[in-house]
Amino acid sequence: MSARLGSIEEVTHQAYDIFLELAPDNLSQEEIDLFNEYREEFGFIEESDIDDSWEAIVAFEQEAEREHFVQVIIGIEFEDCDDVFAKVLISRDLDAPFCHVVWKQQ
């Protein structure tokens with residue numbers, strides 16, 4: 001039986017909603033203010049390939065299982081550098097919800 005997968009766009013939006021909900025508990029007030037001030041003009045929410053840093057957190061049972069997840073990066077893109085506030089690993093499997101956030105280090 002194959003998994004029912006949500007679209008990458010749907011889970012990217014879901015990851016952003018989770019970020020907004022949890023940010024006050026995981027980012028400093030200064031970081032939240034910075035994100036809120038610049039997110040309209042310079043903010044980014046982008047899905048990308050899952051990097052190997054997740055291996056220490058999530059044990060994928062098979063390589064094919066990685067296709068059921070999306071990595072979403074949330075931050076601000078300034079001219080001289082990117083300021084990443086969170087990296088989210090979220091499941092596309094509608095029957096097995098999962099999300100883990102790695103927050104910007106204080």
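Biologist: Where is Asn26 found?

Modeller: Asn26 is found in helix α1. Keep in mind that this is a predicted model.

Biologist: Which backbone oxygen lies 2.8 Å from a polar atom of the Asn26 side chain?

Modeller: That of Leu22.

Biologist: And how far is Asn26 from Asp82 in space?

Modeller: The two are 19 Å apart, C-alpha to C-alpha, with a separation of 56 residues in sequence.

Biologist: Back to the helix. Where in α1 is the kink?

Modeller: At Leu20, shortly before the proline Pro24, and the angle is about 35°.

Biologist: Which residues of α1 are buried?

Modeller: Val11, Thr12, Ala15, Tyr16, Ile18, Phe19 and Ala23. Their cover includes helix α2 and the strands β1, β2, β3 and β4.

Biologist: On to the core, then. How many residues are in the largest nonpolar core?

Modeller: There are 19 residues in the largest nonpolar core, and Phe19 and Ile90 have the most contacts inside it. The largest share, 6 residues, is supplied by α1.

Biologist: What lies apart from that core?

Modeller: Another core, of 5 residues, lies apart from it; Ile50, Trp54, Val58 and Phe69 are among them.

Biologist: How far apart are Phe98 and Asp82?

Modeller: In sequence, 16 residues; in space, 27 Å from C-alpha to C-alpha.

Biologist: Now Ser91. Which strand is Ser91 in?

Modeller: Ser91 is in strand β3, which covers residues 82-91.

Biologist: Why does Ser91 count as buried?

Modeller: Because its relative accessibility is 7%, and buried means under 20%.

Biologist: What does the Ser91 side chain reach at 3.0 Å?

Modeller: The backbone nitrogen of Asp93. Setting aside neighbours within four places in sequence, Ser91 is in contact with Val11, His68, Phe69, Ala96, Pro97 and Phe98.

Biologist: What about helix α2, how many residues does it have?

Modeller: Helix α2 has 14 residues, 29-42, and spans 19 Å from its first C-alpha to its last. That is close to the 20 Å expected at 1.5 Å a residue.

Biologist: Where does α2 bend?

Modeller: At Asn36, by about 30°.

Biologist: Which residues of α2 are buried?

Modeller: Glu31, Ile32 and Phe35 are buried in α2. The buried residues of this helix pack against α1, β3 and β2, which is 69-77.

Biologist: And Glu37, is that one buried or exposed?

Modeller: Glu37, which is found in helix α2, has a relative accessible area of 57% and so counts as exposed. The side chains of Glu37 and Tyr38 are joined by a polar contact of 3.4 Å.

Biologist: How far is Glu37 from Arg4?

Modeller: Glu37 and Arg4 are 37 Å apart in space, C-alpha to C-alpha, and 33 residues apart in sequence.

Biologist: Last topic, confidence. What pLDDT does the protein average?

Modeller: The average is 90, and 93% of the residues score at least 70.

Biologist: Which element has the lowest mean pLDDT?

Modeller: Strand β1, residues 43-48, has the lowest mean among the elements, at 93. Helix α1, residues 8-26, has the highest, at 96.

Biologist: What should I not read in detail?

Modeller: Predicted coordinates where pLDDT is low.

Technical notes
Residues are numbered from 1 along each chain as its sequence is written. This is a predicted model: local features need pLDDT of at least 70, side-chain atom pairs count only at pLDDT 80 or more; totals for chains, interfaces and linings use all residues. Side-chain values use heavy atoms; hydrogens and water are left out. Helices (H or I, at least four residues) and strands (E, at least two) are DSSP runs, numbered from the N terminus. Buried means under 20% relative accessible area, exposed over 50%, partly exposed in between (1.4 Å probe, protein chains only). A polar contact is a pair of N or O atoms within 3.5 Å; within protein, one must be able to donate a hydrogen and the other to accept it, and residues adjacent in sequence count only if both atoms are side-chain atoms. Contact means heavy atoms within 4.5 Å. pLDDT is the predictor's confidence in each residue, from 0 to 100. The expected span of a helix is 1.5 Å times one less than its number of residues. The bend at a residue is the angle between axes fitted to the seven residues ending there and the seven starting there. A nonpolar core is a set of buried Ala, Val, Leu, Ile, Met, Phe, Trp, Tyr and Cys residues joined through side-chain atoms within 4.5 Å.
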